[in-house]
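Hi,

Here is the structure I promised to pass on. Have a look first, and then read my notes below.

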Amino acid sequence: MGNSSPRITTQTLTVLAAFMSSGRELSGAEITRTAKLQSGTLYPLLSRLEQANWLESRWEDCAPSELGRPRRRLYRLTGVGALVATKELGAMAKTLGGLTWEPC
Amino acid sequence: MGALLAVLAAVGTVSLTVSATLIVEEFKAWTPWMTRWLIERSVFRLPEGLQDRCREEWSSHVLETPGKIGKLIVAFGFLRAANALTLDYLALVSSGSSLTLSFKMPEPESRRGAFTASTLTNLLIMVLLILFTAAIRRVEQPRHCNSQMYPSACGLIVSHPSATPRHLVR
């Protein structure tokens, strides 16, 4: 697997679209809500996208003791991921009828 | 007779309502525990290097999910996610990739133990389900089906003239 590009599936496009639409860091639960994906599908996909360097992730800044709950893992698109997302979503939009995709 | 039936029906309705309420309350009380258990089961299936990260991430995901049933469904999904992540990890290891990520090679013995424990748990759940189904079927069937005394209860057609009530025989 390594840095090889993940397959562009509907789920991949949905996740990329969620990031492009929000334009900010998203947690797994937020992506689930936005992309309407189940947790069983989402996390393997996020892992693959992270391995391909399309996404990067970090923990919330605060410590769990301060938050009083487990920290959220926040994901965001990398430069490579944003390029791929723009290209793939643009191609999909063209296929669907001339719509264009512009990141926020 | 009618009054007795009405009383029995009322008692039955009340009993059913109380039982249903109790079952729902029990279910609600057990849901957080089941959710935690599912997360732990899922985390247990993962490679060691991913366990801490996923435990914290998935626990926070469940907390962000509204509703107890919703939390439970999300937690069930983690089982599938853990399987997929482990398969990806094994593919990564078998391909001999130099990409290390945060994975650590699990001990073969511990993985074998994990597999055995997981399989045993799944088998136990299957056996319990089979027993539960068998118990339900047994309750649904009449226990003592005496075809001579109660032919209609056994689904037999009463064709013998002697079985017909006398006032109906012309």
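Let's start with a pair: which side chain meets B:Asp88 in a salt bridge? That partner is A:Arg48, with N and O 2.8 Å apart. A salt bridge here is a side-chain nitrogen of Lys or Arg within 4 Å of a carboxyl oxygen of Asp or Glu. The pair crosses between chains, from helix α3 of chain B (residues 68-94) to helix α3 of chain A (residues 39-51). B:Asp88 counts as buried at 10% relative accessibility, while A:Arg48 is partly exposed at 30%. For those words, buried means under 20% relative accessible area, exposed means over 50%, and partly exposed lies in between (1.4 Å probe, protein chains only).

Before going on, some housekeeping. This is a predicted model, where local features need pLDDT of at least 70 and side-chain atom pairs count only at pLDDT 80 or more, while totals for chains, interfaces and linings use all residues. Residues are numbered from 1 along each chain as its sequence is written, chains are lettered from A and ligands numbered from 1 in the order in which they are written, and side-chain values use heavy atoms, leaving out hydrogens and water.

Now for chain A as a whole. You'll find five helices and three strands in it, running α-β-α-α-β-α-β-α from the N terminus. Helices (H or I, at least four residues) and strands (E, at least two) are DSSP runs, numbered from the N terminus. Chain A has 104 residues, and 45% of them count as buried.

Back to the charges: how many salt bridges does the structure hold over all chains? There are 15. Another of them joins A:Arg72 to B:Glu64, with the closest N and O atoms 3.5 Å apart. This pair also crosses between chains, from the loop between α4 (64-67) and β3 (73-77) of chain A to helix α2 (residues 48-64) of chain B. A:Arg72 is buried at 18% relative accessible area, and B:Glu64 is partly exposed at 22%. Both belong to a network of salt bridges that also links A:Arg24, A:Glu30, A:Arg33, A:Glu60 and A:Arg69.

Chain B has a pair within one helix, too. B:Asp52 and B:Arg55 meet in a salt bridge (3.2 Å, N to O). They both lie in helix α2 of chain B, three residues apart, about one turn of the helix. B:Asp52 is exposed at 58% relative accessible area, whereas B:Arg55 is partly exposed at 29%.

Cheers
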